[in-house]
Amino acid sequence: MSVEVRGLTKAFGPVSAVTDLSFEVGDGTVTGFLGPNGAGKTTTMRMMLGLIAPNSGTATIDGRRYADLPRPSATVGAVLDGSGFHPDHTALHHLRVYARMGRYGNARATQVAELTGVSSFADRATRTLSTGMRQRLSLATALLGDPRVLLLDEPSNGLDPEGIAWLRTFLRDLAAEGRTILVSSHVLSEIGQTADHVVVIRQGRLVATGPTSELSGAAAVLVRSPQADQLRSHLRVPADVLGPDTLRIHGMTTAEVATAAAAHGIALYEITLERPTLEQAFLNLIGDDQ
Amino acid sequence: MIASSAIAAEWTRLIGTRLWCWALLAALGSGAFTGLLALVGPENFTPPMPGLDTAQGVHVLLGLLGFTMFIPALLGTAAVTTEYRHRTITTTALFAPQRSTWLVAKLVTYTGGGLAYGLIASTVAAGALFGAAALKDVTLGLPAGTVVALLARIALAMALYTLLGAAAGAILRNQVTALVAVGAYLYMIETLLMLMPGVKAVYPYLPGGATAALTGFTYLADAIADQTGTSATALLSAPLGAAVLLGYALIAAAIAVAAPLRRDIT
């Protein structure tokens, strides 16, 4: 089931939140939806779910608008930043309310509670839950209808490292089941390892989209040598001088650099392959803002 | 079928909160309070009022129960606005994108809750009233059938007030604003309106006037007539009062259902 966003535009009064945004989330892929805070990620996701009416443009899931889906919550599950729970309700009671609304039954509520680890605090009032527990409960709610598409808005917000690690594994498992997942974040560390594709937006406009590997660009070679200057003059490509004895070389492999050094009798103290992280690519893309 | 699952969900939502415990307490309490007043006897009030053995005395007591009508109205308002206050509205809208579905389900659920509230309060009041009369060995100034009918009318009015309160909550959404607005209207605004010359003529058609017609409690209208030295406005008949009140509730519900359809949930 693929998700398509075409020319989505929304302004709140004079402030334009999203402008002519188009992208696609391929069937069965995990797509990272990236952008700094305030870039319009939440507004976009809420428009995809029919919670906010766009000024123009469309968002379709499997060819239909969210509200036109035969059983929306059985097709798309969403975890949205800023959704809450009634403080009196226990975690399980919250799930039961929505299990009833979606006609999934109490047994399904118990099932998703077990799946997400909510069962360990099922009988606690939601007012007493930690951020991590609330995030799990949100995920459990989204999974009630066993949806093929998941839209997750900043699901790792406020989670501790343990929670982030759990979420990463959990998302990977969901993806392995062939679900289509769009997960937004302003922090890349948890997306870079999970997402096949990325969509990057800034100030409500598309900045980049494509496979994660392409976005991050080619690797470079980092060398440390007492004769760094000499080595530099023997290379067939330009190199960045990072320090008196350190170079970053683009467009050569480690083997080529080592061979060139040996041919000229240059000693190397250190030679490493430097893979550009998505984080760097992301910061380069949105650099103007931060 | 979809509507029934939405109503079932709203009912599940309601019973998971402490609101219904407070509602039950309030219903029992207001009924019992009427009983307590019956035991004391209207003739011992300050200022003294006609005793239980007069028709007027029984009317006064039942009217005081009617005076607690604002409680179910505010409970209805609180029940609806809690969804906005605790931001569960997002999840609800995701599970039922046709927003009229869950709003109608809410209004139906809370009207049912309001009717239950009214029946509990009336039943307790009836028991207490007849009990107090038996204890004090007086014959009530109204036949038992009339008393029961009046109490049933109060219960019905309470259900309609809950609907009105719930609809007002759905329109205003902010819990505090909505509670203040509903409370202020019921307590002050209509009373103040009645002091304006001319408004008195339409009083029978205002919510308060229609309520007075439905519950048979005309104390307020009479008191104002006394103070302004004019004759009391003739109220509508009870069924007509009920119809007017139902009309207000339905109009409020229609606005409540129509308004949020065009609103963004951010």
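Author: Two residues count as being in contact if their C-beta atoms, placed from the backbone, lie within 7 Å. Among such contacts in chain A between residues at least 6 apart in sequence, 69% join residues at least 24 apart. This is a predicted model, in which local features need pLDDT of at least 70 and side-chain atom pairs count only at pLDDT 80 or more, while totals for chains, interfaces and linings use all residues. Residues are numbered from 1 along each chain as its sequence is written, and chains are lettered from A and ligands numbered from 1 in the order in which they are written.

Reader: What makes chain A and chain B count as being in contact, and how many residues are involved?

Author: By that 7 Å cut-off, 29 residues of chain A are in contact with 24 residues of chain B. On the side of chain A that touches chain B, the elements that give two or more residues are α2 (72-75) and α3 (91-101), and α3(A) gives the most, with 6 residues.

Reader: How much of chain A counts as buried?

Author: Of its 290 residues, 42% count as buried, which means that 20 or more other C-beta atoms lie within 10 Å of the residue's own, all placed from the backbone.

Definitions and conventions: Helix = DSSP H or I, 4+ residues; strand = E, 2+ residues; numbered from the N terminus. Buried ≥ 20, exposed ≤ 12 C-beta atoms within 10 Å, placed from the backbone.
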